[in-house]
Each structure stands twice: as C-alpha cells, then as structure tokens.
Amino acid sequence: MKLCSNCDKAFDHGNWQCPYCLYEPEKIEGHLAFAPELAKQNEGFKSESFSSLAKLEAGNFWFRSRNRLLIWAVQQYFPKAESLLEIGCGTGFVLSGIKEAFPKLILSGGEIHIKGLTFAAERLPGVELFQMDGRRIPFQEEFDVIGAFDVLEHIKEDEEVLSQMYQATRPGGGILMTVPHHTFLWSPVDDFAHHVRRYKTRELREKVNRAGFSVVRLTSFVSFLLPLVALYRFKKRLTGDEGDTKPDYIKMSSLTNSTLERILDGERTMIRTGLSFPVGVSMLLVARRN
Ligand SMILES: [Zn+2]
C-alpha cells in the first residue's frame, strides 16, 4: 500500500494521487519526490560525493565484497521474496548487483539526494527510483525485504527509520542492513563520511527489536581486516596526522585491492557456513517482521 505524505492515509491504486486529500507528490528531474525540501542538500551526505563514489564502487574490494555478501544474504534469508526496497540506494551499485543476481525480484530504490538517483537511473533501467526521506517512508506493508546498507549511521533519528522500515515491510518479510561496527574505531574517516555514530552490537540489536523485528542473524564482517584498519586509524591518531580524512580504501594499489578482496572472500565463506564474527569493521543484520 502507498501512504500519502500529506494526510498519512494508506491507499492502494496505480498512481500516486491520494484518493482522500488529492495530494500528489511532485517530480524532480523525473523522479517522484516525497521529501522535495531535502532533495538537493541535507546534512547526511555531501552531494558531490556521488560522482567519486560511482567511479570507485565497481572496482573497489569493499563495495564488491559487500555486494556479494548481500546477494548471499537475500538468497539465504529471503529466498521467496518478490519485492525489495533499498533505502539510501545512492548511485544504485547494490541494486544493480541484486538485479543481476535476482532478475525476477521487483526492485525499488529510495534516496534522499536527487544527485544519487541520477547515477542510479543510468545503472538501473526499469527499477522504480524515488526521492524520499528514510524517516518518512511512503509505504505500508508493501515490501518483502527492505535494505539499508551503511545508511542508518548517517541519520540522527535511526529508530524512527527502523520503525518506518517496520511499517513498510510485509508481515513475514524482513530487513537486511549493514552498519559500521565498534565505537572505538571512530576516526576522522567517520567525520568525513558524515557518520553520526558507529554501532555497538547490543545497541543495534536492541534498536531493531524495539522497532518490532526479530533478529535472525547478526555478524560482523571485514573482521580479518580489523587489526589492519585499527592500526591504521590509531597510527593516524598517535602521529597527529588526522588531517587526511579520506577513507582508507580510496588510496590503494590494485594489488592491495585484490588481496583484500580475496581475504574478504575467505571471510564470507566462513559466514556462509554459519559462523558469526563478534568483531569487525562492519556489521550485517538480518531481521524478520513477524
Ligand atoms: Zn492524502
């Protein structure tokens, strides 16, 4: 069901005009805009970052490995899903991976920045993309799976987003998320990325439970690289060289990149067998709506 952004009533017909108050969301650059006031600028992410991100993603070990992990998780935990919405779909890199792996899955992508959708639209012909705010998702019991991949840590009101995700998920469906793990790893890299927080395992679990979901899998990943990442970040802290805030993965040789990708391939093999890592740079969470 669709939810009217003006009067909050649910309705179920083909177009977006609300049958109760006749409100119809505007379009920006061809995309339905549910939070037009936030489309061009907000504090969660810099608009300019999208073009550098779009260039980086396809070749970078982190984005490639995360895609493989997510594709595995969809297959493993939601094999019967027919529809999936990604919140904060950015340039559409994750959705394009999911589309290739599950051509029958009906995909939708929501993103607050219209700039991200411009890139996503090129990558994702046929996928419904719209501008929206995760704190106000215009759907009710609509999707089998809702994903948010490294999105929640950008949003102050993360619990609001989780309860909106709950509302938009069909009973029996669920959510799939990744977030940065461990508050002790906080560094200028997080500031650069406009993170509001990194998560503790317990905090994430409790917030997801409070929204009404049951957690079915929670594991860290990028665990084997944790010592390396911690060392790199602490070294920066100790030497006072904190001015360089570019994420660690941006400046690396292709040999390093492919070595790290192989390490994460090994780690994923272990996650697939059922092993959940207690520590890591990131966390993967799967939860179900009962
Ligand atoms: Zn209405």
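## Close-up views of a predicted model

At 4% relative accessibility, Phe 139 counts as buried, and this residue opens the legends below, which describe a predicted model.

**View A. The aromatic pair of Phe 139 and Phe 143.** Eleven aromatic pairs are counted in the model. In one of them, the ring centres of Phe 139 and Phe 143 lie 4.9 Å apart with the ring planes at 75°, so this pair is edge-to-face, planes over 60 degrees apart being assigned to that class. Phe 143 is buried, its relative accessible area being 4%.

**View B. The aromatic cluster that includes Phe 139 and Phe 143.** One aromatic cluster is formed by Phe 11, Trp 16, Phe 34, Phe 130, Phe 139 and Phe 143.

**View C. The zinc site.** The zinc ion has as its protein donors the SG atoms of Cys 4, Cys 7, Cys 18 and Cys 21, which lie 2.3 Å from the ion, and the spacing of these donor residues in sequence is C-x2-C-x10-C-x2-C. The angles among the four donor atoms run from 105 to 117°, and the site is tetrahedral; for four tetrahedral donors the ideal angle is 109.5 degrees.

**View D. A nonpolar patch on the surface.** Phe 224, Met 270 and Leu 275 make up this patch, and together they have about 240 Å² of accessible area. Met 270 belongs to helix 9, which covers residues 254–272, and with a relative accessibility of 33% Met 270 counts as partly exposed.

Key: Residues numbered from 1 in each chain as written. Predicted model: local features only at pLDDT ≥ 70, side-chain atom pairs only at ≥ 80, totals over all residues. Heavy atoms only, no water. Patch = residues over 30% accessible without salt bridge, like charges linked within 9 Å, V, L, I, M, F, W, Y side chains within 5 Å. Areas by Shrake-Rupley, 256 points an atom, 1.4 Å probe, with all protein chains shown as cover. Salt bridge = Lys/Arg side-chain N within 4 Å of Asp/Glu carboxyl O. Helix = DSSP H or I, 4+ residues; strand = E, 2+ residues; numbered from the N terminus. Buried < 20%, exposed > 50% of the residue type's maximum accessible area, 1.4 Å probe, protein only. Donors = N, O, S within 2.8 Å, 3.2 Å for Na, K, Ca; no water. Tetrahedral: all angles 85-135°; square planar, octahedral: opposite > 155°, others 65-115°. Phe/Tyr/Trp six-rings, centres within 6.5 Å; stacked < 30°, edge-to-face > 60°.
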